[in-house]
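Work through the exercises below with the sequence and the model side by side. Try each task before reading its solution.

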Amino acid sequence: MDSITLLQRLVQIPSPNPPGDTRAIADFVAEQLRASGCEVRQLAPAEKPEALNTIAEIGTGEPRIMLHAHIDTVPIAATEADRWRVDPYAGLLRDGALYGKGSIDDKAPLASMMLAMMDAANQETLTGTLVLAAAAEEEVGGQLGTKWLADSGHLPACDFIVVGEQTGNRVAIAHKGVLRATVRTTGVSVHATNPDRGVNAIVAMSKVIGALDAYHRELSEHVHPMVGSPTCNIGVIEGGSTANAVPDACAIYLDRRMIPREDPEAVKAELRAVIESTNLAPAVVSIGDFVYSPWFDSPLDSDYAKAFMSCVSDVINDDPGPIGYLPGSDAKHLMDIARGDMIIFGPGSYEVAHAADEHVLLADYQATTDILLKFLRRTLYHDRLQ
């Protein structure tokens, strides 16, 4: 099938996460690539068998290049549904764009990579191995998707990896990590008619919030050249039950974005120091429930990286980067198998993803495909790098 029909078919297979059932789309990817001559494996973790991943390979030996895209999408939120002007699963073509849930995130990169695999399968000989990983679970952190695949030995070490995301067809080599935490204050509840007899946990928390806000402003002094500054955001506050009682408990949930090379243990220590610097007595404060999602960065100095940058320049006739990618990606789970450079790359903007009327410009999608084809022809066949 042609490139537009392929992308339409991918969009027409819903794969929202949650719930994260990717069997239908994983089977479609497997069917297409198997029919092209690729060796195909399908794998899922025992904890979630419906989170099916498809791994395809063509060729043998070195070098080994991986193309990676995720096959799950975010769901259509109730508040979003009324804002869609088209059927989100029709793959409608309009004004030079293809519309649909997942069209830009991440089915356009996936379709371009599938076309590259099919093209490689048509070559008489390949001087190396091309791998495509169509992974589940990215939208919920990748723990049972790409991380499980890598940790379980299902993904080979690779000389160059392309992770498909929305970079405007420029080469991204870094994204932030995330450290989430919960801060709790404990006081003493009494009747509000005489509140000074108690200890107000919300008032105590207000001092913590002030200290964390000052910490966030201090973080702006540390700037990463690709992704900017680390941040600290308080996203949720909970506390109290009624206006006529002094609350004895309050909690906030915070999000600390980490720039590449920040140590999560050092960041935990920073947060504890901020909390402990507030004078809350007789209220008690604690921080915990830490959840960490790694940052990603990569050099851009291998022959494969230079070849890819050259291919981008040739196709888009513009600066190829490098740039930073502000959202996260599954690249963070592939760093241990990347024995060379790894990049994040694909059409369009992440600002269009996760939104009503999600779409990809067909010209951008074609450029992504052309760049991948040009790169593989330079590295795995025809004009292979010397």
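The exercises follow, each with a worked solution.

The model is predicted, so local features need pLDDT of at least 70 and side-chain atom pairs count only at pLDDT 80 or more, while totals for chains, interfaces and linings use all residues. Residues are numbered from 1 along each chain as its sequence is written, and side-chain values use heavy atoms, with hydrogens and water left out. Helices (H or I, at least four residues) and strands (E, at least two) are DSSP runs, numbered from the N terminus.

**Exercise 1. Helix α8**

Step 1. Buried means under 20% relative accessible area, exposed over 50%, and partly exposed in between (1.4 Å probe, protein chains only).

Step 2. Just after α8 comes N317, with a positive phi of about 55 degrees.

**Exercise 2. D119**

Is D119 buried or exposed, and which residues does D119 touch?

Step 1. Locate D119: this residue sits in helix α4 (residues 103–121).

Step 2. The relative accessibility of D119 is 16%, so D119 counts as buried.

Step 3. Contact means heavy atoms within 4.5 Å. Not counting residues up to four places away in sequence, D119 touches L373, R377 and Y381.

Step 4. A polar contact is a pair of N or O atoms within 3.5 Å; within protein, one must be able to donate a hydrogen and the other to accept it, and residues adjacent in sequence count only if both atoms are side-chain atoms. The side chains of D119 and Y381 form such a contact at 2.5 Å.

**Exercise 3. An open sheet and its helices**

What is the strand order of the open sheet of 3 strands, and how do α1 and α2 pack?

Step 1. Two strands pair if DSSP finds at least two bridges between them. The order is β4-β5-β15, with antiparallel pairing. Because β4 (93–94) and β15 (359–361) each have a single partner strand, they stand at the edges, and one side of each is left without a neighbour in the sheet.

Step 2. Between β4 and β5 (residues 97–99) there are 2 bridges, and L93 stands opposite L98 in β5.

Step 3. Axes are lines fitted to C-alpha atoms, for helices over the stretch in contact, and angles run from 0 to 180 degrees between N-to-C directions. Helix α1 (residues 3–11) lies across β4, β5 and β15, at about 20 degrees to β5. Helix α9 also lies across β4, β5 and β15, at about 70 degrees to β15.

Step 4. The axes of α1 and α2 (residues 23–35) are 10 Å apart, at an angle of about 155 degrees. Angles under 35 degrees count as roughly parallel, over 145 as roughly antiparallel, 65 to 115 as roughly perpendicular and the rest as oblique. Helices α1 and α2 are therefore roughly antiparallel. L6, R9 and L10 in α1 meet I25, F28 and V29 in α2.
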